[in-house]
Amino acid sequence: MADGHATGRRTRRTPKPLDRTRLNDLALHYVARFATSSGKLEFYLKRKLRERGWDGEGEPDIGGLVQRFAEKNYVDDEAYARMKTGGLLARGYGARRVEEKLRADGLGEGVRAANAPDEAEAREALFAYVRRRRFGPFRIAPVGEGPEAAHKAREKQLAAILRAGHSFDHARRAVEANSERELEEWVAEALD
């Protein structure tokens, strides 16, 4: 029954080592497919060099290539940081998680500081997170839940909110809110 012509494994062709043209083509292909920062592009190119090796003249100028791409606006760290920050805040992540993500993506201190969420944005993100996860006033307690189980649920909610990057004071405020209206008013205070 087995086909005599079919092989159990395909042999993978080893990719050619990179030269200046191939490195530039890889970078162009990457920035065309993905919104990226200069740090992520540099990391990607260094990884490809490790995997494939270098066959060009002299040493590869990855920093120069990334800088040229930034000058041509193929890579825009400010726009990337605004996009990432907006996306993370919309999903309910806090300032600490936003900072960690921007740092991991290779963005500089100035760009990270310029895109750090203010108090109003942090509160709105917390509200979105709490509502989505059904924490605090959005939680529907099981029938017959005792005080010990309620306390344990509250501690778990606090831990999850802290992991999402929010401050302890904000997390406690959200979990201890008595009603959705109270939490909405607290968020609105920061907008004024």
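Throughout these legends, buried means under 20% relative accessible area, exposed means over 50%, and partly exposed lies in between (1.4 Å probe, protein chains only). The model is predicted, so that local features need pLDDT of at least 70 and side-chain atom pairs count only at pLDDT 80 or more, while totals for chains, interfaces and linings use all residues. Residues are numbered from 1 along each chain as its sequence is written, and side-chain values use heavy atoms, with hydrogens and water left out.

**View 1. Salt bridge between arginine 154 and glutamate 155, and the network around the pair.** A salt bridge is a side-chain nitrogen of Lys or Arg within 4 Å of a carboxyl oxygen of Asp or Glu, and for arginine 154 and glutamate 155 the closest N and O atoms are 3.2 Å apart. Arginine 154 is partly exposed at a relative accessible area of 24%, and glutamate 155 is also partly exposed, at 37% relative accessibility. Through shared partners, salt bridges join Arg154, Glu155, Asp169, Arg172 and Glu176 into one network. By this rule the count comes to 19 salt bridges.

**View 2. Salt bridge between glutamate 42 and lysine 46 in helix H2.** Helices (H or I, at least four residues) are DSSP runs, as are strands (E, at least two), numbered from the N terminus. Both residues lie in H2 (residues 38-52), four residues apart, about one turn of the helix, and their side chains meet at 3.2 Å, N to O. Glutamate 42 is partly exposed, with a relative accessible area of 29%, and lysine 46 is partly exposed at 41%.

**View 3. Packing of helix H7 against helix H10.** The axes (lines fitted to C-alpha atoms, for helices over the stretch in contact, with angles from 0 to 180 degrees between N-to-C directions) of H7 (residues 119-133) and H10 (residues 180-191) come within 7 Å and cross at roughly 160°. The two helices are therefore roughly antiparallel, where angles under 35 degrees count as roughly parallel, over 145 as roughly antiparallel, 65 to 115 as roughly perpendicular and the rest as oblique. Arginine 123 forms a salt bridge with glutamate 189, the closest N and O atoms being 3.9 Å apart; this pair links distant parts of the chain, arginine 123 in H7 and glutamate 189 in H10, 66 residues apart. Arginine 123 is buried, with a relative accessible area of 13%.

**View 4. Packing of helix H7 against helix H9.** The axes of H7 and H9 (residues 168-176) come within 11 Å and cross at roughly 45°, and the helices are therefore oblique to each other. In contact (heavy atoms within 4.5 Å), Glu119, Ala122, Arg123, Leu126 and Val130 in H7 meet His170, Ala171 and Ala174 in H9.
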